[in-house]
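Please examine the sequence and the structure shown below before reading on. The report after them is written for a reader who is new to structural description.

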Amino acid sequence: ASAVASRPDIYMNRLWPGGVKFGLTTTGTNGTFTLGYTTHFPTVNHPAIFHDSSAHFQPWWATAHLFLNIVGVGSFEITGVDNDTTLELNKSTAPKTASTGDKYSILGPIGLVVDTFQNKQTKPAICNDGSGGCYLAWVSSATSPNSICATRIDSNGVQYWDPAPGAGYQIYRDQSSSSSSKNVSLTLDDNNQLLLAWEVTNQSNSDGQDIFAQRMNNKNMRDTTFAWGSSAIPVTGAWPNNQTNPQIFGDDSVVAGVKGALVPFQDQEPGGGDDYDITMKRIQGDGGTLFPAQGFWYLDLKPHGQVDFKAVKISDTSKAGSSTGILAVWEDDWDEVNNRNDTMIYAQRMDRTGKAYFGTPLTWGLCISGDTGRYGPRQPWTAKQPCIVPRTDGAIVAWTDLRNGPGSIYAQFIGMNGSLW
């Protein structure tokens with residue numbers, strides 16, 4: 001959140017079994033006041049200094065408009081943080097004395113500030129970093145056009161890539177002022193390298209939105225080098241119409257010592273309108289070879305909208321590495337051709353060679369809920385808003401389902417062979 005509603009910033013928090021780690025209300029009973037110079041503001045005469053040897057004050061508190069509240073004494077603005085045990089208070093309002101043992105509290109914003117740089121920072125995405133911390137990426141309008149920025153944060157909340165009040169590390173900014181970036185997705189590969197994919201607006205109106213991707217080396221906490229060179233990979237190139245909402249996963253193949261990736265996304269079919277299908281491209285480890293060489297692999301190929309897809313990476317240990325792939329679910333509106341208002345949940349498994357596994361025909365996918373009868377039992381109801389988590393032998397899907405009225409939540413296990421139980 002931001003103090004200015006039209007200029008949002010990025011915050012984060014870490015959940016523990018007993019609550020949250022960052023931004024908790026701080027309380028204590030060991031505070032003492034002194035008057036004098038400080039290391040941060042040596043030219044300010046006699047500021048009020050609050051010290052508690054058992055405290056752990058955060059450096060960003062001084063810029064977050066926080067207040068020290070002392071029971072029975074008053075509330076006082078924090079103007080500086082010398083170190084994790086010493087605060088500076090507004091001299092004009094601070095008490096001249098206070099008794100050791102007075103109870104105090106500092107009510108902080110719930111979260112750790114990540115990016116409060118100029119203009120808007122929006123649409124954060126997060127994944128773990130394999131070491132107890134996380135990677136965060138977001139869209140920043142501090143640049144023109146909008147860019148993709150990211151940072152790495154360890155388990156103690158320490159930020160390593162141009163931390164706040166910095167802008168974060170810039171992953172990508174297009175050279176054209178009209179080609180803004182958005183909808184970033186990220187995941188940690190099995191070798192602890194970060195994978196990112198995002199949309200970029202093409203300068204040509206006929207080409208719409210394109211998909212780009214990048215792999216980072218992450219050899220240490222501060223390493224921001226790219227495995228695929230300084231330029232991001234144009235996954236969809238100048239393919240007509242819109243390619244949107246990408247995800248990205250490692251493909252477990254290695255070329256020249258670097259792993260490849262799978263990038264599923266939504267593709268708007270020729271003619272535009274609401275005809276979207278779920279498709280995928282594969283990037284080899286060299287960063288320059290894409291499969292298929294032309295066009296995309298289709299997880300489905302049906303009329304009208306196949307949208308709001310979610311995917312997870314899966315591996316079939318009974319086969320060679322080529323079986324690594326994804327299992328995706330989506331909201332399906334194919335029956336709009338019959339002027340029905342119901343939507344359905346469909347699924348498809350696809351490996352890294354582009355082979356599809358579910359459905360008759362395979363371009364149809366597997367119905368999970370709400371099929372109106374063309375390739376399944378007649379079940380005319382609305383199902384939408386799917387989500388998915390992986391299992392070693394498949395995945396579990398949940399969704400909103402209106403078969404019994406205003407809305408319920410249903411779930412389904414999907415096996416590697418398409419079995420449902």
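The model is predicted, so local features need pLDDT of at least 70 and side-chain atom pairs count only at pLDDT 80 or more, while totals for chains, interfaces and linings use all residues. Residues are numbered from 1 along each chain as its sequence is written, and side-chain values use heavy atoms, with hydrogens and water left out.

## Salt bridges

A salt bridge is defined as a side-chain nitrogen of Lys or Arg within 4 Å of a carboxyl oxygen of Asp or Glu. A search of the whole structure finds 11 of them.

| Pair | N to O distance |
|---|---|
| Arginine 215 and aspartate 189 | 2.9 Å |
| Lysine 313 and aspartate 190 | 3.2 Å |
| Arginine 282 and aspartate 251 | 2.9 Å |

The salt bridge between arginine 215 and aspartate 189 links distant parts of the chain, 26 residues apart: arginine 215 belongs to strand E18 (residues 209-216), and aspartate 189 to the loop between strand E16 (181-188) and strand E17 (194-201).

Accessibility describes the setting of each partner. A residue is buried under 20% relative accessible area, exposed over 50%, and partly exposed in between (1.4 Å probe, protein chains only). Arginine 215 counts as buried because its relative accessibility is 0%, and aspartate 189 is likewise buried at 3%.

The salt bridge of lysine 313 with aspartate 190 ties together parts that are 123 residues apart in sequence, because lysine 313 lies in strand E26 (residues 306-314) and aspartate 190 in the loop between E16 and E17. Lysine 313 is partly exposed at 21% relative accessibility, whereas aspartate 190 is exposed, with a relative accessible area of 53%.

Arginine 282 and aspartate 251 also meet through their side chains. Arginine 282 is in strand E23 (residues 276-283) and aspartate 251 in strand E21 (residues 249-255), so this pair connects parts that are 31 residues apart in sequence. Arginine 282 is buried at 9% relative accessibility, and aspartate 251 is buried at 0%.

## A glycine in a loop

Glycine 31 is found in the loop between strand E4 (26-28) and strand E5 (32-35). With a relative accessible area of 4%, glycine 31 is buried. Its C-alpha atom is separated by 8.0 Å from that of lysine 103, which is 72 residues away along the chain.

## Strands and their partners

Two strands pair if DSSP finds at least two bridges between them. Strand E14 (residues 147-153) is largely enclosed by the rest of the structure, because seven of its seven residues are buried. Ser147, Cys149, Thr151 and Ile153 point one way from E14, and Ile148, Ala150 and Arg152 point the other way.

Strand E13 (residues 134-140) pairs with E14 in the antiparallel sense over seven bridges. Alanine 137 has alanine 150 in E14 as its bridge partner, and six residues lie between E13 and E14 in the hairpin that they form. E14 also pairs with strand E15 (residues 169-172), in the antiparallel sense and over three bridges. Here, cysteine 149 has glutamine 170 in E15 as its bridge partner.

Elsewhere, four strands form an open, antiparallel sheet in the order E26-E27-E28-E29. E26 and strand E29 (366-369) stand at the edges with a single partner strand each, so one side of each is left without a neighbour in the sheet. Within the sheet, strand E27 (residues 325-332) and strand E28 (residues 344-351) pair in the antiparallel sense over eight bridges. The bridge partner of glutamate 331 is isoleucine 345 in E28.

## Lining of a pocket

A pocket is an open set of points on a 1 Å grid over the protein atoms alone, where a 1.4 Å probe fits, with protein on both sides within 12 Å along at least five of seven lines; lining residues have an atom within 4 Å of a point. Of the 18 residues that line the second largest pocket, the closest to its centre are Val184, Ser185, Pro246, Gln247 and Lys310. E16 supplies the largest share of this lining, five residues. Strand E12 (121-128), E16 and E26 each supply at least two lining residues.
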